[in-house]
Structures are given as structure tokens and as C-alpha cells.
Amino acid sequence: PVASITWPDTGAFVSSTAVNITGTAEDRFCTLNPALCTPTRQYEAGMLPSSVTVAVAEITASTTYWDGAGFSSASPVWSTATFVGQSSGTWSLQMPANAFSSTKVYKISARARDRAGNLDLVTSTNTFIYDAAKPVSIATAPTGFNTALPFIYGTARDNSPGILSVVRITLKETGTLGPNLNKYWNGVGWQVAAVELSSGVIGGL
């Protein structure tokens, strides 16, 4: 059989407190060997609800595996996922809340075994970044009194290996006088409801 990981994707950034690792598993002969398939050649043994096992490792500085309580094992610890299906289906492994730490890199490995005891020869592996640390942004210009506002500048920072995607700003007219007092700029005009603008450029320092 063959097990595959569908979430988290390789290179994905994950921030949810509890991470549900999901994937698929396949043992159908004609799906795995289409060139050898004939209408009468259906030799799959099928799979059990416990047929998929998953190993999760923290690989930021060194490789340590989840052992059910923490990332403390130097060798892979295979946790049993829940497989739903017969010879083909989906599987999931719910990790405990707060199992992952910001900001670190993790590797997931998945393998499958059929009812006959045949083990997946090629282990499926995905690597993702767990990032629950919020980035910081500061508006630096313009300041004081201005007669025009062609650009708004600032700085933004995110702890590595996190990567900034976009900076959103809110532009509101405040004070005691003004034609658009307490209204928000939406990129075209002023409106009552608060709105965030995300157009612009993020440059590296």
C-alpha cells in the first residue's frame, strides 16, 4: 500500500493550536499498478483502521520525534492514525493542543501496512513550519502636518523562519473638524465602516 500526506502541505505555515494531520492511503492493485491491471487481477488485501502510522519530528536544530508527550525521542516513534476505508480511503491523526512550538520546523512521515502485513516501502514525508508568533509592524512616516499623502511608510518584522506576506493598514480621519471625521479610507473614498488596505510593497532590510 501507499500512504500520502495531504495536510500540512510541504512548506506550509501552520498556526492553529491543535493540528489535525490528514492524508490518504491506497492499496488497490489497479490504481497502484495500472500497466499490470486486468479485469480479473484484483489482489489487494485491504487495510485496517489502524493500518496507517505517522511519525512527527521537530527538525529546527536537531531531529527529535514526538513520543506522545513531547519531542524527546532520538528515533522515530510511529503513532497510529485513524484510517477510514477498505482498500482506499483517508486517514487522520489529531495532535494534542499546544504540541507544536513557535517558530520551528517539523517533518511528518506516514506509512501504511495492509492486512497481509505488507509495509509501504516508500515513506511519504512533508515538512512544514509552525508559526503562531504574531509579526510586528510600525508606521514611521508621514508624521506631523501634511498637505498631501502620496505614500505611507513603516517597518515590519517576523521571527524566522516565519515570512512576511502582507502589511495591512487602516487610515482614519480623526480630530474635531473635517469633512470625513471618524471615517475610513478604502482606497477610493471614505466610508463609515473600518477597512484594511493591503496594497503596497514589502521590501527587505
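Glutamate 58 is buried, with a relative accessible area of 14%, where buried means under 20% relative accessible area, exposed means over 50%, and partly exposed lies in between (1.4 Å probe, protein chains only). This residue belongs to a predicted model, in which local features need pLDDT of at least 70 and side-chain atom pairs count only at pLDDT 80 or more, while totals for chains, interfaces and linings use all residues. Residues are numbered from 1 along each chain as its sequence is written, and side-chain values use heavy atoms, with hydrogens and water left out.

**Salt bridges**

Glutamate 58 forms a salt bridge with lysine 104, a term that requires a side-chain nitrogen of Lys or Arg within 4 Å of a carboxyl oxygen of Asp or Glu. The pair links distant parts of the chain, since glutamate 58 lies in strand S4 (residues 52-58) and lysine 104 in strand S10 (residues 104-112), 46 residues apart; strands here are DSSP runs of E with at least two residues, numbered from the N terminus. Lysine 104, at a relative accessible area of 26%, is partly exposed.

Searching the whole structure gives two salt bridges, and the other partners are arginine 28 and glutamate 26. Arginine 28 counts as partly exposed, with 37% relative accessibility, whereas glutamate 26 counts as buried, with 13%.

| Salt bridge | Closest N and O atoms |
|---|---|
| Arginine 28 and glutamate 26 | 2.7 Å |
| Glutamate 58 and lysine 104 | 3.5 Å |

Aspartate 120 is found in the loop between S10 and strand S11 (124-130). The side chain of aspartate 120 does, however, reach the backbone nitrogen of alanine 3 at 3.0 Å. When residues up to four places away in sequence are not counted, aspartate 120 touches Pro1, Val2, Ala3, Ala110, Arg111 and Ala112, contact meaning heavy atoms within 4.5 Å.

**The disulfide**

The structure holds one disulfide, defined as a pair of cysteine sulfur atoms within 2.5 Å. Cysteine 30 and cysteine 37 are the residues joined, with an S to S distance of 1.9 Å, and their link is right-handed, with 75 degrees about the S-S bond. Of this pair, cysteine 37 is partly exposed, its relative accessible area being 31%.

Key
Helix = DSSP H or I, 4+ residues; strand = E, 2+ residues; numbered from the N terminus. Polar contact = N/O pair within 3.5 Å; in protein donor to acceptor, adjacent residues only side chain to side chain.
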